[in-house]
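Good morning, colleagues. Please look at the model on the screen.

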Amino acid sequence: MQWHKELKEHRPDIPVIVVANKIDENMKATSKKFKFATERGFKLFYCSAADGTNVVKVFKEAIRLAVENSQKPSDDFTEEVMRTIEYFDEKEKAEAYKKESENVSNKEEEKA
């Protein structure tokens, strides 16, 4: 599948899960094996948003994998760039907040 090839090319360490949705419409789907997931060793979840089957389980697993992946050191250049951008964004926000707080304090002092 093209999307997977591109994903692995640009973000090789990103975790992947596969979700078969709408099982409430065809329960026979839960007995099927999906070649794409099986060949790659991906976790496969059978889900129904309509009746809630495994929805929470899928989100918990996605969050667990995301947190686990974020704590691993990365050799991924894109990841390093994104973390650097995030660092500077947070630094800029903190400086703006500090400046705004100082302005509010100065205005309060002027009134007193």
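Ser-48 is buried, with a relative accessible area of 0%; buried here means under 20%, with a 1.4 Å probe and protein chains only. This is a predicted model, in which local features need pLDDT of at least 70, side-chain atom pairs count only at pLDDT 80 or more, and totals for chains, interfaces and linings use all residues. Residues are numbered from 1 along each chain as its sequence is written, and side-chain values use heavy atoms, leaving out hydrogens and water.

Where does Ser-48 lie? Its place is the loop between strand 2 (43-46) and helix 3 (55-70). Helices (H or I, at least four residues) and strands (E, at least two) are DSSP runs, numbered from the N terminus.

What surrounds Ser-48, leaving aside neighbours within four places in sequence? Ser-48 is in contact, meaning heavy atoms within 4.5 Å, with Asn-21, Lys-22, Ile-23, Asp-24, Thr-53 and Val-55.

I turn now to the whole chain. Four helices and two strands are present, in the order α-β-α-β-α-α. Of the 112 residues, 18% count as buried. The C-alpha atoms fill a box of roughly 75 × 35 × 20 Å along the principal axes. Among contacts between residues at least 6 apart in sequence, 58% join residues at least 24 apart.

Terms used:
Buried < 20%, exposed > 50% of the residue type's maximum accessible area, 1.4 Å probe, protein only.
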